[in-house]
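Hi,

Here is the structure I promised to pass on. Please load it before you read my notes.

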Amino acid sequence: MKTQIIIDTNVLVYATFKDSEYHDESYSIIQKGDAVIPYVVLHEYIWVLMKLMKDVKIVKSKLNELSDFIIIHEDLDTIYSGLALMEEDGAPISMLNDYIILSVALRRGAYLATYDQRLRKAASKHEVTVIP
């Protein structure tokens, strides 16, 4: 089995837009390994797309492109673990979703793909391999 890669919202957004700074790298990341998209990322992704595109039809089309990916629901234990990690690190409330994503990576023994520097730092602190 390939190593799972938990995909953060920014990686998904960069992979979506061909003119984005990290498009090629992000697209490559989501195409290799077993890309896993937590629901919290899916919700953030939809919000970003709606804000940028303001067109439900385009957003629905982009969501259809995710059908080959593993999309997971975070259970209460995962969310609780994320809250505990956030509390342990003294992280601000604004990082709640990031810590839920980190919790998913920890609980699945997966890599984490993100460009978010604060999340990268938290992941490294908790010994989660971060790419790129």
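Keep in mind that the model is predicted.

**Helix α7**

Helix α7 spans residues 117-125, and its buried residues are L119, R120, A122 and A123. Why do these four sit on the same side of α7? The arc they cover around the axis is only 165°, so they share one side of the helix. The general rule behind this is simple: an α-helix has 3.6 residues a turn, so residues three or four places apart point the same way.

The opposite face is exposed. Q117, K121 and K125 lie there, turned away from the buried side of α7.

What does the buried side pack against? Two helices are involved, α5 (76-89) and α6 (96-108). So are two strands, β4 (111-113) and β5 (130-131).

Both ends of α7 have something to look at. At its start, a side-chain oxygen of D116 comes within 2.9 Å of the backbone nitrogen of R118. Just after the helix, E127 has a positive phi of about 60°.

**A113**

A113 belongs to strand β4. Is A113 buried or exposed? A113 is buried: its relative accessible area is 0%.

Leaving out residues up to four places away in sequence, A113 touches I5, I6, I7, D8, V11, I29 and I131. I also checked A113 against M95. The two are 18 residues apart in sequence, and their C-alpha atoms are 16 Å apart in space.

Best wishes

Key
Residues numbered from 1 in each chain as written. Predicted model: local features only at pLDDT ≥ 70, side-chain atom pairs only at ≥ 80, totals over all residues. Heavy atoms only, no water. Buried < 20%, exposed > 50% of the residue type's maximum accessible area, 1.4 Å probe, protein only. Arc of directions from axis to C-beta. Contact = heavy atoms within 4.5 Å. Polar contact = N/O pair within 3.5 Å; in protein donor to acceptor, adjacent residues only side chain to side chain.
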